[in-house]
Amino acid sequence: MKNTPTGSNERNIPTKTNGVHYFSEGWRLVRLPGIKRYVVMPLLVNIVLMGLAFWWLFTQLGAWIPSLMSHVPDWLQWLSYLLWPLAVISIVLVFSYLFSTIANWIAAPFNGLLAEQLEGVLTGKPLPDTGIWSVVKDVPRIMAREWKKLAYYLPRAIVLLILYFIPGVGQTVAPVLWFLFSAWMMSIQYCDYPFDNHKVSFPDMRDALRRNKVDNLQFGALTSLFTMIPILNLVIMPVAVCGATAMWVDRYRAEYSRIQP
């Protein structure tokens with residue numbers, strides 16, 4: 001995709017885009033001149049937290065996997081060779097989302113600033129109240145927004161976690177449902193930064209994403225997968241913010257922006 005340079009007021013959008021396209025765009029946009037310095041803080045938060053978290057996880061898997069597999073009923077024992085990988089994936093999925101959520105809480109103000117600055121680069125129309133001091137001023141509002149996401153997430157996550165302890169269902173259906181739910185939540189998590197910068201309410205943001213649910217699930221699924229991959233998961237946070245911001249500019253800004261495009 002060809003984008004106009006900083007200061008231009010147009011962005012050339014391909015005829016067909018989807019979640020895969022915007023995820024790949026994130027890897028390109030994160031390296032744009034003028035954007036790299038806003039990537040540093042989210043990157044550092046993610047490297048420190050996710051690095052330590054995954055090191056600890058891999059020291060515990062040897063004990064957790066047998067415990068989870070002990071819930072497999074006798075009539076499914078013949079499928080153990082298939083259920084064991086599902087058990088590993090399930091634990092890593094739950095763990096990845098839990099710690100990426102914590103990392104996003106810590107880095108939320110910096111992710112919002114990154115989304116602001118990238119939007120200005122992509123549109124040539126910076127938000128009027130950008131900068132580090134506006135971030136400091138908005139911290140209470142940003143944290144309140146993170147609580148709303150947590151309140152949306154927890155009840156649904158608890159139901160899915162309960163499914164894991166139902167024999168048969170917990171080792172077959174629950175991992176698939178958890179992956180789809182994680183993909184949806186990843187899309188919400190990262191797309192929310194540009195929406196929140198424009199003071200779009202959380203329910204309105206969810207409604208907007210639902211209108212393109214397949215594409216947003218694609219974006220969230222790729223983000224979830226990369227969150228599970230060692231090394232790559234250390235850099236995925238700013239990449240996802242950039243990809244989500246590009247999606248906002250192309251698909252939602254004209255309708256929801258508090259600044260005329």
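**Exercise 1. Which residues are linked in a network of salt bridges?** Track down the members, then work out where they sit in the chain.

*Solution.* Keep in mind that you're looking at a predicted model.

Step 1: Start with the total. Searching the whole structure turns up 10 salt bridges.

Step 2: Pick out the network. Salt bridges link Arg141, Arg145, Glu146, Lys149, Asp192 and Asp196.

Step 3: Take one pair. Aspartate 196 makes a salt bridge with arginine 141, and their closest N and O atoms are 2.7 Å apart. Aspartate 196 belongs to helix H5 (residues 169–197) and arginine 141 to helix H4 (residues 132–163), so this pair ties together parts 55 residues apart in sequence.

Step 4: Take another pair. Aspartate 192 and arginine 145 meet through their side chains in a salt bridge, at 2.6 Å from N to O. Here too the partners come from H5 (aspartate 192) and H4 (arginine 145), so parts that are 47 residues apart in sequence get tied together.

Step 5: Look for a residue that turns up again. Aspartate 196 also forms a salt bridge with arginine 145, with 3.6 Å between the closest N and O atoms. That pair links distant parts of the chain, with aspartate 196 in H5 and arginine 145 in H4, 51 residues apart.

**Exercise 2. Are aspartate 196 and arginine 145 buried or exposed?** Sort them, along with their partners from Exercise 1.

*Solution.* 

Step 1: You need the cut-offs. Under 20% relative accessible area is buried, over 50% is exposed, and anything in between is partly exposed.

Step 2: Check the aspartates. Aspartate 196 has a relative accessible area of 8%, which means buried. Aspartate 192 comes in at 1%, so it's buried as well.

Step 3: Now the arginines. Arginine 145 has 6% relative accessibility and counts as buried. Arginine 141 has 25%, so it counts as partly exposed.

Step 4: Aspartate 196 and arginine 145 are both buried.

Step 5: Arginine 156 is in helix H4, and at 39% relative accessibility it counts as partly exposed.

**Exercise 3. Which residues is glycine 243 in contact with, leaving aside its neighbours within four places in sequence?**

*Solution.* 

Step 1: Find the residue. Glycine 243 sits in helix H8.

Step 2: With 0% relative accessibility, glycine 243 counts as buried.

Step 3: List the contacts. Beyond those close neighbours in sequence, glycine 243 touches Tyr22, Gly26 and Phe219. Phe219 is one of the buried residues of H7.

Step 4: Compare sequence and space. Glycine 243 and alanine 115 are 128 residues apart in sequence, and their C-alpha atoms are 9.5 Å apart.

**Exercise 4. Which residues does the UniProt annotation "transmembrane region" cover?** Describe two of the spans, then step back to the whole chain.

*Solution.* 

Step 1: Read the record. The unreviewed UniProt entry puts this annotation on residues 38–58, 78–99, 150–170 and 216–249.

Step 2: Describe two spans. Residues 38–58 are 100% helix, with end C-alpha atoms 31 Å apart. Residues 216–249 are 76% helix and 0% strand, and the end C-alpha atoms lie 14 Å apart.

Step 3: Zoom out. The protein chain has eight helices and zero strands. Of its 261 residues, 53% count as buried. Its accessible surface is about 12000 Å², and 70% of that belongs to carbon and sulfur atoms.

Technical notes:
Residues numbered from 1 in each chain as written. Predicted model: local features only at pLDDT ≥ 70, side-chain atom pairs only at ≥ 80, totals over all residues. Heavy atoms only, no water. Salt bridge = Lys/Arg side-chain N within 4 Å of Asp/Glu carboxyl O. Helix = DSSP H or I, 4+ residues; strand = E, 2+ residues; numbered from the N terminus. Buried < 20%, exposed > 50% of the residue type's maximum accessible area, 1.4 Å probe, protein only. UniProt positions renumbered as here; feature names shortened; annotations may be inferred. Areas by Shrake-Rupley, 256 points an atom, 1.4 Å probe, with all protein chains shown as cover. Contact = heavy atoms within 4.5 Å.
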